Amino acid sequence: MFRVLNNFISRLDSDPNPQSSGGYGGFGFQVLRNKSPELAIEPWFDFICEINGRQIDDPDPNLFAQEVRNCAGSAVTLGTWSAKGQRFRQLHIPVSAGSASLGLTLQWTPLSTTEDVWHILDVAPNSPADEAGLLPYGDYIIGTPEGIVRGEAGLGELVEDYLERPLRLYVYNHEYNVTRSLTITPSRHWGGSGALGCVLGFGALHRLPAPLQEPPQAPGETLFESARLSHEGPPTSTQTPQPTFLIPASQISSFDPPPPPRTSSRGPVAKHKPRAHHHMNPSEAMEDYFREGEQRSREEDYVVESKLNKEVPPPPKMGGPPPPRGTAGSPEKDRKKE
């Protein structure tokens, strides 16, 4: 069933209508290298298909470079297509008057080249794929430095050529939005079926999806992992810090004014000293949040404890000693009440 659906979607993609083949005739300048880290363009995944509102239909790179030079001292608008989720977007990029260059290395390429990816669906334990570090579901094989791989059978033919030899692969993981290079040694003698020991998916149903907004949480991690209470010391881990979900300091001053002071059973709660919110950093704001929660918890615990202390003790068991003098249920205390 999946093969039939893949073939149906592939026929739709081969329709001569430009809108069904990427919207730009199926071609564009693929970005091979980006020397500007501040430029939000990813090599291999991004294609430039439009410049200043006009579709690029001429593969001559000199015409593209000339249009960029014409925008020196201002900005150029690029229409890009991304293989991650097959999405279009527009970028407004300032062009320096001195260099009049974007720092990109481009190549005229059909957009269909990004369809030659293999989705890792399952990995057998102790297989070559398992030893190489391939991850099920999240990993996609997008290419190899050993040559160009095209078509559904292209990867299988390459694997047969590298039996019992190391094979380098480029692998993209959409859960963490990273691309890495790994080495795998195909073998028929690892104890299972297949030379790689993994199940692969190919076709329209297994194209690169759009990256997730946030990386998945590993076991044991929390969203506020980097937030600490004031009495805790700095973290001792040397791992790369994970992004936190704290409020930027620049946005704190835009909040509504604080509510009136709260009251408890012991009277009004002391007011906090006003803070210069425009100088507060996210960690300080989170520490205040935890301190207020701790204070509120202590107040609630005090109220509950005081109520428990005022409860009347249960009556004595039948046949047990009489209650002490002056306690609830004793004859003397009952007479005093009367």
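**Exercise 1. Describe the lining of the second largest pocket by residue, element and class.**

Step 1. In this predicted model, the second largest pocket is lined by 24 residues, and Q30, W44, I142, G143 and Y170 lie nearest its centre. A pocket is an open set of points on a 1 Å grid over the protein atoms alone where a 1.4 Å probe fits, with protein on both sides within 12 Å along at least five of seven lines; lining residues have an atom within 4 Å of a point.

Step 2. Two or more lining residues come from each of β1 (27–34), β6 (104–110), β8 (139–143), β9 (167–173) and β10 (178–184). Strands are DSSP runs of E with at least two residues, helices are runs of H or I with at least four, and both are numbered from the N terminus.

Step 3. By class, the lining has eleven nonpolar, nine polar and four charged residues. Ala, Val, Leu, Ile, Met, Phe, Trp, Tyr, Cys and Pro count as nonpolar, Asp, Glu, Lys and Arg as charged, and the others, Gly among them, as polar.

Residues are numbered from 1 along each chain as its sequence is written. Local features need pLDDT of at least 70, side-chain atom pairs count only at pLDDT 80 or more, totals for chains, interfaces and linings use all residues, and side-chain values use heavy atoms, with hydrogens and water left out.

**Exercise 2. State the phi, location and exposure of Q86 and N126.**

Step 1. Most residues other than glycine have a negative phi. Q86 has a positive phi of about 50°, and N126 has a positive phi of about 65°.

Step 2. Q86 lies in the loop between β4 (75–82) and β5 (87–94); N126 lies in the loop between β7 (118–123) and α3 (128–132).

Step 3. Q86 is partly exposed at 32% relative accessible area, whereas N126 is exposed at 58%.

How values were computed. Buried means under 20% relative accessible area, exposed over 50%, partly exposed in between (1.4 Å probe, protein chains only).
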